[in-house]
Amino acid sequence: MKEDKVVIFDTTLRDGEQAAGAAMTKDEKLEIAKELDELGVDVIEAGFPISSPGDFEAVQAIAQDIRRPVICALAHANNAAVDRAWEAIKGAAHPRIHVFLSSSDIHLMHQLRKNREEVMDIAINNVARARRYCDDVEFSPMDATRTDPEYLYVLLSAAIEAGATTINIPDTVGYTISEEFSRLLDGIHKNVRGMDSVTLSVHCHNDLGQASANSLIAILHGARQVEGCINGLGERAGNAATEEIIMALDTRKDLFKRPTNVDTSRIYRLSRLVSDITGFPVQPNKAIVGGNAFRHASGIHQDGMIKDRRTYEIMKPESIGIPGSAIVLGKLSGRHGLLARLNEMGYQPSDSDLNRIYTAFKELADKKREVMDKDLEALMNNQRRAFTEPYKLEFAHITSGTNQTPTATVKISSPKGDITNVSTGTGSVDAMCKAINNAFQVPNKLTDFRINAITEGIDAVAEVTVRVESEGKIYTGRGTDMDTILAAAKAYVNALNRVASMEGAVTRQILGS
Ligand code: KIV
Ligand code: ZN
């Protein structure tokens, strides 16, 4: 890595997945990892292998399949976690073990119940253990920004001596402010032994809305790795948004003078993929990737834009891959037209995928006069979900109306055979969900249900997002359809597929296979 570059470390698949309700399956993580690779990030933190057998398998699969970037696995500072992390990534072309341990007195006293010397020993032993496995070791003192700086300097010096090659400073609870953070980083440069020979990294959370600003100021104070998540996903208020860091470095090259290896035109697609897979919508006013980020509503802004876009636009929508063309497809459009549009949007479907998508496109175009890019995006996402899910909604029928009890019939195909169920409910959605629930037979409670129209107009495609709780965990599902009830049914099936697949992972662990 050249000294003048900033290493982009993406942790969507680890810290991002820790967001309540953002759990992903192995295939979903692999799909996002492929897109992160295409985007050109330098490091992918693929997961936390000791946390679950499912995550171990996902990290292992990513390590084997994604060969260009560094693949990083997180480990607590304990022997079993470090061993498990190495086991998961040892097949990677460029493996990294990331060891973390709390360092603030609040954490030491109330969580670890250990003194500073004990924590120092644990850190040294586990960094050294990781280093015996792997030449690339990152160390993070958790809650660094609330740690006594004098203790932090000694701890970091010891971690470097034990073999750490990247020192990461996490603002774990999103507490610090740029000016204070800069002073801490300057202090680290000055007081930590061996700091010149390793990479300084930062990992900022967004509890006070400062994550991206803190990450950027850190670059001006010597950080050469920045950690973030796509769409700012992550614990609580999330992490610094990877796309915000990348676009700030790109748009303000004059100030930062720190190039990255990223192809910015892949940002939009990846943002939508992460949103679709996790079920976390992107807020319209979100920087870079929000639906309004490049929309100009007031007269004076529109006037300026017509005269010269630079009056109100500091980035071009095309630079992050927002489809620029206004081509609209319809029922007379053929396979070639559809493929050309999908390619322009950054999708490269295989021949068999295209066949399935074309059939779905024709069905949609028959019902809807104009098929817009957002409809195509929804189609692509629906196809991906339907293709990878073991339980599929094969048939759904609903009767409802004045003075009628809503009644739903569903047929679900599963690896064990088809299941048909009929159920009544207080409303159409309730009846449909009960019928699906009876067919699945996995313990769950529907806790959240949201409907969104993908495009404007009465014939818009409906997008439904649901959250279900099962054994203390939250799972999200999404579905789209011209018919709102069917969109709801697809979303619920999507969520229950996740519950079932996580249960499968647990069962595999119990059986030891
Ligand atoms: O926020 C944090 O402290 C973390 C560490 C594991 C790096 O995510
Ligand atoms: Zn974090």
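Here, buried means under 20% relative accessible area, exposed over 50%, and partly exposed in between (1.4 Å probe, protein chains only). Keep that in mind for the close-ups below. This is a predicted model, where local features need pLDDT of at least 70, side-chain atom pairs count only at pLDDT 80 or more, and totals for chains, interfaces and linings use all residues. Residues are numbered from 1 along each chain as its sequence is written, chains are lettered from A and ligands numbered from 1 in the order in which they are written, and side-chain values use heavy atoms, with hydrogens and water left out.

**View 1. Strand E8, covered on both faces.** On one side of E8 (residues 225-228) sit Gln225 and Glu227, on the other Val226 and Gly228, and all are buried. Strands and helices here are DSSP runs numbered from the N terminus (strands: E, at least two residues; helices: H or I, at least four). On one flank, 4 bridges join E8 to E1, running parallel, and Phe9 stands opposite Glu227. E7 also runs parallel to E8, joined by 3 bridges, with Val202 partnered by Val226.

**View 2. The barrel: 8 strands that close up.** Strands of a sheet pair through backbone hydrogen bonds, either parallel or antiparallel. Between E6 (residues 166-171) and E7 there are 6 bridges, and Asn168 stands opposite Ser201 in E7.

**View 3. The zinc ion (ligand 2) and its donors.** Asp15 (OD), His203 (NE2) and His205 (NE2) coordinate the zinc ion at 2.0 to 2.1 Å. Donors are N, O and S atoms within 2.8 Å of the metal (3.2 Å for Na, K and Ca); water is not among the atoms, so sites may look incomplete. Asp15 lies in the loop between strand E1 (7-10) and helix H1 (26-39), and His205 in the loop between strand E7 (199-204) and helix H8 (211-220), so the pair ties together parts that are 190 residues apart in sequence. Both Asp15 and His205 are buried.

**View 4. Inside the largest nonpolar core.** A nonpolar core is a set of buried Ala, Val, Leu, Ile, Met, Phe, Trp, Tyr and Cys residues joined through side-chain atoms within 4.5 Å. This one has 95 residues, and those with the most contacts inside it include Ile32, Phe139 and Ile188. Helix H6 (residues 149-162) gives the most, with 9 residues. A second, separate core has 30 residues, among them Val442 and Ala500.

Conventions:
Pairing = 2+ DSSP bridges.
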